[in-house]
Amino acid sequence: QVQLVESGGGLVQPGGSLRLSCAASGSGFAINVMGWYRQAPGKQRELVATITSIGSTNSVDSVKGRFTISGDNAKNTVYLQMNSLKPEDTAVYYCYCNVKRLGRNFNYWGQGTQVTVSS
């Protein structure tokens, strides 16, 4: 099994910044992709950004230029630096990883961390 532990959510004013962190722990796995999804009230969960083990990144258009995803392979940790936050960024943010274990690929999710952008 792989456990994901998230941190860094909270309340911030519009235009502010937050940094989310997510660390993967367990044994016998290799990370293929880590990333972040979010789910706002009444909406479907959507991709925010992902990063592969070799550093290739992808993000949704609505956060380009404002959010930056990065990773630390040695720590199995992914970060999401969120700048110029808007009220529409308010959501529960979920850490995600796809790993290879026992010759197969598995998906894991964190418990979610609330991000609220409000004045």
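In this predicted model, the largest nonpolar core comprises 30 residues. Those with the most contacts inside the core are Leu 4, Met 34, Trp 36, Leu 80, Met 82 and Tyr 93. Two or more residues of this core come from each of β1 (2-7), β3 (18-26), β4, β5, β7, β8, β9 (91-101) and β11 (113-117). The leading contributor is β9, which gives five residues.

Leaving aside residues up to four places away in sequence, Met 34 touches a set of residues that includes Leu 4, Ile 51, Ile 69 and Val 78. Cys 22, Cys 95 and Cys 97 are also among the contacts of Met 34.

The whole structure holds one disulfide, and it is formed by Cys 22 and Cys 95. Both of these cysteines are buried. Because Cys 22 lies in strand β3 and Cys 95 in strand β9, the pair ties together parts that are 73 residues apart in sequence. The link is left-handed. Cys 97 is likewise buried, with a relative accessible area of 0%. The sulfur separations of the two cysteine pairs are as follows.

| Cysteine pair | Sulfur separation |
|---|---|
| Cys 22 and Cys 95 | 2.0 Å |
| Cys 97 and Cys 95 | 6.5 Å |

The separation for Cys 97, taken to the closest cysteine sulfur, is too far for a bond.

The largest pocket has a volume of about 160 Å³. Of its 13 lining residues, Ile 31, Met 34, Thr 52, Ser 53 and Asn 73 lie nearest the centre. The lining divides into five nonpolar, seven polar and one charged residue. Its largest share, three residues, comes from β4.

How values were computed: Residues are numbered from 1 along each chain as its sequence is written. This is a predicted model: local features need pLDDT of at least 70, side-chain atom pairs count only at pLDDT 80 or more; totals for chains, interfaces and linings use all residues. Side-chain values use heavy atoms; hydrogens and water are left out. On a 1 Å grid over the protein atoms alone, a cavity is a set of points where a 1.4 Å probe fits but cannot get out, and a pocket is an open set with protein on both sides within 12 Å along at least five of seven lines; lining residues have an atom within 4 Å of a point. Grid points are joined across faces, edges and corners, and a volume is the space filled by probe spheres set on the points. Helices (H or I, at least four residues) and strands (E, at least two) are DSSP runs, numbered from the N terminus. Ala, Val, Leu, Ile, Met, Phe, Trp, Tyr, Cys and Pro count as nonpolar, Asp, Glu, Lys and Arg as charged, and the others, Gly among them, as polar. A nonpolar core is a set of buried Ala, Val, Leu, Ile, Met, Phe, Trp, Tyr and Cys residues joined through side-chain atoms within 4.5 Å. Buried means under 20% relative accessible area, exposed over 50%, partly exposed in between (1.4 Å probe, protein chains only). Contact means heavy atoms within 4.5 Å. A disulfide is a pair of cysteine sulfur atoms within 2.5 Å.
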